[in-house]
Each structure stands twice: as C-alpha cells, then as structure tokens.
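Please read it alongside the sequence and coordinates shown here.

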Amino acid sequence: MSTRPLYDTPMLDQLESGPWPSFVTGLKRLAKDNGMMADLIGQLETSYETRKGFWKGGTVGVFGYGGGIIPRFTELKDKSGKPLFPEAAEFHTLRVQPPAGMHYTSDLLRKLCDVWVDNGGSGLIAFHGQSGDIMFQGVSSENVQAVFNGLNEIGFDLGGAGPALRTSMSCVGSARCEMSCFDEARALRTVINNNLDDMHRPSLPYKFKFKFSGCPNDCVNAIQRSDMATIGTWRDNIRVNEALVQDYYKVHGMHDLYNDVVGRCPTKAITVVPEDQVRVDAHTSVAKLGDGNALCIDNKNCVRCMHCLNVIPGGLLPGNDKGVSILVGGKGVLKIGATMGSVIIPFMKLETDEDFEKLNELARNILDFFAENALDHERTGEMIERIGLSNFLEGMDIPVDPNMIKEPRSNPYFRSDDWDEQVAKWVEYRQQAA
Amino acid sequence: MAELRPPIESGAPDPMPYMHPVMVKNYGKWSFHSHPKPGVLYHRAESGDEIWTVKAGTQRQMDHYTIRELADIADQYGDGFVRFTARSNIEYMVADGSKVEPLIKALNDKGYPIGGTANSVSMIAHTQGWLHCDIPGTDASGVVKALMDELYDDFVKCEMPNRVKMSTSCCEINCGGQADIAIIVQHTKPPKINHDLVANVCERPSVVARCPVAAIRPALVNGKPSLEVDEKKCICCGACFPPCPPMQINDPEHSKIAIWVGGKNSNARSKPTFHKLVAAGLPNNAPRWPEVAEVVKKILATYKADGKPWERMIDWIDRIGWPAFFEKTGLPFTKYHIDNWRGGRANLNASAHIRF
C-alpha cells in the first residue's frame, strides 16, 4: 500500500474517459502502492488547476558520467520550504538508449520493468522520448545509481542530455522494409558507439544529433531533427518487378496510374507509352502493363523522392547500387528558426567495413569541427548559417557539388580573386568522379 | 555506501537479440509490402518468408502494469516480439497470418486501438509537459489523450488522402517537431522577471545572448544586478526562460496555443517542408482543450473532403493555394500570418499568380 494519501483529482479524472488509452489511469494504478506516484498525481493535478509547471532542474548523475539524467525537483513548497508533495519532491528521469530500431522481446520489456521497480523507480516508463530514449520517469536522487546499475548490467546504457551527443534513432529499415538502402542499425551503432565519450561527458557547444533513415521517406525525420542525417538512396535504375506492377494496374487501371503515379512524379520522369515506342536505353526502367502499354521511368531525371515506389510497393524498388546521402544542419526553432538539413555528400556507398569506417570518420570530423567552431549554445545549422556552407565544406575538406544547392546565388556580393583555382578544383573533382 | 563501479559504456544495444527471427533471417532482403486493413501491414521477403505487423496505439507514458500487459499479449497472441514506432505506437510482428485477428481482438479487448498505418491520423508525437518538463506552458500527454479521443476514428480507419502526422509541443522550442498539424504553445506576453533571483540563478551574458531579437540587456534593479527586457522588441518566444527561470514566460491566461500545418519530412513528391502558422490565440484550456480540438477537426475534415489521393496536407494546400485554405477552413487570416522574420520575403507572393 502507498504511504501517501490518494488526492482528489477532478481535472485529471476527466482524462480517464474516452476511447484512447489513458495515461491518468496508469498513473493512478501506480499510485495505489507507490507514494511517489500518489504525490506526483497531486503535483500534476495542481498544474492542471493553475496551468503552471512546478519542476526545476538541478544536477544529478551517476558515477562516471556527466549526463543522461534529467533531474527534477518540485517547486511546490509551503512557507517553511517543505514540499507539498514530499515523496515526489525528487522525480528524476533516466534517459536510456534503446536497441537500434526499437525492437524488444516480451521478456526484455518485463526485465526493464523489474529493474526499474525493484530499485526504487516509480514504475512509469515512456516508449520513447522525442530523441528516441526510453525514459524511466520518476526516481529519487538516492536511487538513481541503483536503477542505472541494474539497467547497465542487462546491457543498457544512458543516453544524451545537455550539450552532448544525443541518443540516436534509426527506422525499422532492413529489419522489415523493402525500401531500405543500407544497414541502418549498423550505421547507428557504428557512429554512436564510437563517440560515446561525447554523450556521457557533455562538453560540446550544444546538442548534436545523428539520425538514420533507410530511404528518402525518412521515417525518423532525419532531415529536420538531426545535425547529421544519413538517408538511404541509390544511384542506378529503379528496379522493376513487372508482375507486381501489373497486379497494381489490374486493380487500379489507367486513371489511377496516371493520376496517382505519373502525374505526381515531381520531375515528370515517368511516362506511359505504347510498348512498341519504348525507348530502350541504359537509364530507363520499363514495366509492361500487359495491355500494350508500358510504364517508363527516366532514371537520369528521377530525384529518388520515393512516391512511385510507395504507390506500387514491390513493383518498383530501389536500385541495386545503394548507398546514402549525408545532410547536415537540421534543427528545431531556437535561435534562428528551424533549419532543414542540406546535402554535403550526395552519395556514398555504405556496404563494406571500409564504407562504415568512412561514415564513422565523417561523423567524427563533423563533431570535431562543431566542437571547435560553434559558439556556445549554437547548433550545427546555426554555425553553418553564420559561417556559410562553403567555409564549412572547406574546413571539412569536402569538395563542392551542385547537388548541394537549390540554385546558385542571385546576388553579386562575393569576392572571387581565386576563381581559376576554384575552377581547377572542379575539374579535378570531375576527373576523380569519372 | 557500496563501492561504485565504473559504468559499462555499451552504448546503443544490438537489436538482433530482440528482433523477430523472420526479420533477422531476412534482414535487408525484403521485397514487397501491402496493407491488408487499417493497422495491419504485410511484408514479404525475397526468400518468400512472410511477416504480419499489427500496430496499436499506446498512451506513451506507461505504467509498468500496462507494459507487462502488452508483453503478455505478445506472448499469448503474438510471437513474443514487438517494436515501437517513432510515434509511440507498438507493433506486434507475427510469422503466421492466422494470428492477426486473435491478436487484434486481444488488444482491442484491453482497450488498445488498432490503426495508425497508411492514410490514417497517427498517434501524436509529443513531449513531457507538466508531468516532467521544467519549462512547460501546458501539458503534453493530456493534450494528446484529449485529442486522440476526438480523432479515434481517424486513427482506426484509413480515410485521409494520405498519412497525417501530428505533434504537440508545450513551448515554442517545439520538441514535438514538424508535422502535418502541429499544436504549439505561443506566449503572448514578455517574461515577468523576479529581480531578486536573477543575479544568483542566471548567467546573465548567456541569457542576453539567447535572445533572438536582442531585447535583453543587463541592468541594475533595486540595487541588484539583474536583466531587463525591451518589451517593444520582445517577441515572447521564451528563449530566455530555460537559462534563467526567474524570467517567467508561462502565464495561465496569456500563454496561448497556436496551430501550424503543412510540415512534412518525407521527400515523397515535394521536398520536405516546415509547418506554417494557421491559427493562434487559442486558450490553454485544460483538461481537454476543446477549442484546439475544434480547429484541428475542422482542418482535418476540410483536408479529408478536398484532398486528392496521396496528397499530404502540404501537397493539398500547394494545389489549392493558401487563400483557398483559409476560405475552406473558415480560419481567419491576420497580419501575423505574414512572415516578417529574417528571410521572410521568400514567403511573399512575388508574382501575379492569383486564383479568383
């Protein structure tokens, strides 16, 4: 039984009705035998009544690490400074990195619950936070170490918080998706697990996030939510499974094919032509429709947006020459407004051990450049906005490529004393690519 | 105290021990998927192996009893393997298609909705709010619970033109992220400063540096070193509040809620986009935020009726134009919709392209 009274919660009670699963019902279930949760509900109800938050941060950690715990101390106190809800006066969160791709067995879920509850945790867990952490919510300063030890001993490690490398996310990808263009889990674990010092001992100018999406559908939102986004793509032609394209066509017919597939291609790279007029060349994907017509995709003009693959799953598939595009600078609002990641590596292979080592080196170099050049509380996207992408590329020793821009500049405000040298670089870059 | 051992710096765990064996066996070798019904996905590998996925909504902040219940369902009706999506849905993978319907029934019987796939409204990505954040303008889980109750049918059916991703954020930092529809706190008054505390609590130069409009300057107030805000310049963004809690930005009445639409991170069809402001000034009306739900439902109903197949929210608006969006939804258009932040000229209509 709980050592604390169960408070009346007329506001929270209203969140128990309705068809969606109620977190309030869960909180109340915990409060029956957990004083911390009984008091937590008291504080939360107070927030609902007053429309104010009552937590403040602080410094709580585990031995050997400088981050990964989100400390919370109540600010609801009486005149003598005594907490109004004493057992929830300390209500810290442990951020814990999940298995890449967020896979769990039922036994693992139970084990995580056991470790949490047996070591003094509140019993409340969020799967997952917005950066992808499992969030163990509600533990006193005294019990933080024991919970961490327990989790650490079954193979789990703290995530990032503060000015540090943050916990990462990868999509389901290779585990269950035909759109996947690389081993997302391996890429995540290569980059994150080789840079854990920057996660556990926060000393960067500000947070730094990596995210890994297996294709340009970007299911973990790498482009908007990570400082360095690794997004799967391919260089050769879209693969065709003609039988599956015809299955789609039989169900949907020419109108859907035209309106939903051909008409929605952003670069008008898809045409439907009579079979005898199909242009057979090295860059065209062809699917005969079975009625004398054929679907043709001009792969030279395909931007790998994924739309037609999404509409005809299995019929159209990523090519065989797979790899990744790297974009940098995605971030949320503060301080200059949200910024989208932008291309710095249009394509790199990601298959062999050497390829993964190259990705790891690139990630380390970007982290180092960020650590040395960003101002306090400045994200990578803001740093690049301040110094310009060209300077960033020069510092990183990455050659310029027209895939990095939407369009060239339209203003004359640049100084180009070394134009000829830059042209020579371009010529050299082209020769290397050839 | 027991002797402390150094942490095992194991990092992100290997998922393979926790992954369904059919997914391990066919890792990187999938070739087809279909969507048999809302909440169910079917995937086939090159080997011919098959796997079915049943997706259920959760409350995200879960008590361990709920988690154990979900684990028990995985053992009794599934294959014992689950994963979570980025939007806190739980996915059960089974290698035998005949397990799908009993699994759905078991989840439904315990109150978990099945859906969130394809052209549905998925679970709302959200933040911590009053439950655990140190700077929240509103709650997160409560807003989501109230809204998902209203949008339940849109989660369990797939009747939208394309998928709809939503988010909520309890301050303007927008931890909930970009979305087709994003619900975000918008403060309307400058911070109230407790000058007695600033000198002891805040590192004043870094607070000055955080302000996006340079409205904060060091000042001596009542003989104490503090900070002052040029309230004419202040845009009430709250950026000063995290590094300096005595600059209280949250206000029960004046911290309002704004609604943004048209964000998308997928590259499908159009390039990724950020969401755009469509409504503001909505009250922070706990515990069920009915005014917010009303606007969200109006936008969704308009999109559902007017969008064409495969059009995401922004694709639809790009086709019909923003004047039509405001006309069809009935939402008022104000001077605050016109971007005056840096680079804002790029968002003006610099053309004679006008629909009549």
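In chain A, the axes of helix α11 (residues 353-373) and helix α12 (residues 380-387) come within 11 Å and cross at roughly 65°, where axes are lines fitted to C-alpha atoms, for helices over the stretch in contact, and angles run from 0 to 180 degrees between N-to-C directions. This is a predicted model, in which local features need pLDDT of at least 70 and side-chain atom pairs count only at pLDDT 80 or more, while totals for chains, interfaces and linings use all residues. Residues are numbered from 1 along each chain as its sequence is written, chains are lettered from A and ligands numbered from 1 in the order in which they are written, and side-chain values use heavy atoms, with hydrogens and water left out.

**Helices α11 and α12 of chain A**
- The crossing of α11(A) past α12(A) is left-handed, a term for a near helix turned anticlockwise from the far one by less than a right angle, with clockwise giving right-handed.
- From α11(A), F369(A), F370(A) and N373(A) contribute to the contact, and from α12(A), T380(A), M383(A), R386(A) and I387(A) do, contact meaning heavy atoms within 4.5 Å.
- By class, this contact of α11(A) with α12(A) has 4 nonpolar, 2 polar and 1 charged residues, where Ala, Val, Leu, Ile, Met, Phe, Trp, Tyr, Cys and Pro count as nonpolar, Asp, Glu, Lys and Arg as charged, and the others, Gly among them, as polar.

**Helices α12 and α13 of chain A**
- The axes of α12(A) and helix α13 (residues 389-396) of chain A come within 6 Å and cross at roughly 105°, and the two helices are therefore roughly perpendicular to each other.
- On the α12(A) side M383(A), I384(A) and I387(A) meet L389(A), N391(A) and F392(A) of α13(A), a contact with 5 nonpolar, 1 polar and no charged residues.

**Helix α6 of chain A and its surroundings**
- Of the 10 residues of helix α6 (residues 184-193) of chain A, 7 are buried, so this helix is largely enclosed by the rest of the structure; buried means under 20% relative accessible area, exposed over 50%, and partly exposed in between (1.4 Å probe, protein chains only).
- The buried residues of α6(A) pack against β8 (169-170), α7 (196-200), β9 (210-213) and α11 of chain A.
- The N-terminal end of α6(A) is capped by D183(A), a side-chain oxygen of which lies 3.4 Å from the backbone nitrogen of A185(A).
- The axes of α6(A) and α11(A) come within 9 Å and cross at roughly 45°; the two are therefore oblique to each other, and their crossing is right-handed.
- Residues R186(A), A187(A), T190(A) and V191(A) of α6(A) meet D353(A), F356(A), L359(A), N360(A) and A363(A) of α11(A), and these divide into 5 nonpolar, 2 polar and 2 charged.

**Chain A as a whole**
- Chain A has 14 helices and 17 strands, which are DSSP runs numbered from the N terminus (helices H or I, at least four residues; strands E, at least two).
- Buried residues make up 58% of the 434 residues in chain A.

**V201 of chain B**
- V201(B), in helix α6 (residues 195-201) of chain B, is partly exposed, with a relative accessible area of 44%.
- Not counting residues up to four places away in sequence, V201(B) touches P245(B) and P246(B).

Note on methods
A polar contact is a pair of N or O atoms within 3.5 Å; within protein, one must be able to donate a hydrogen and the other to accept it, and residues adjacent in sequence count only if both atoms are side-chain atoms. Angles under 35 degrees count as roughly parallel, over 145 as roughly antiparallel, 65 to 115 as roughly perpendicular and the rest as oblique.
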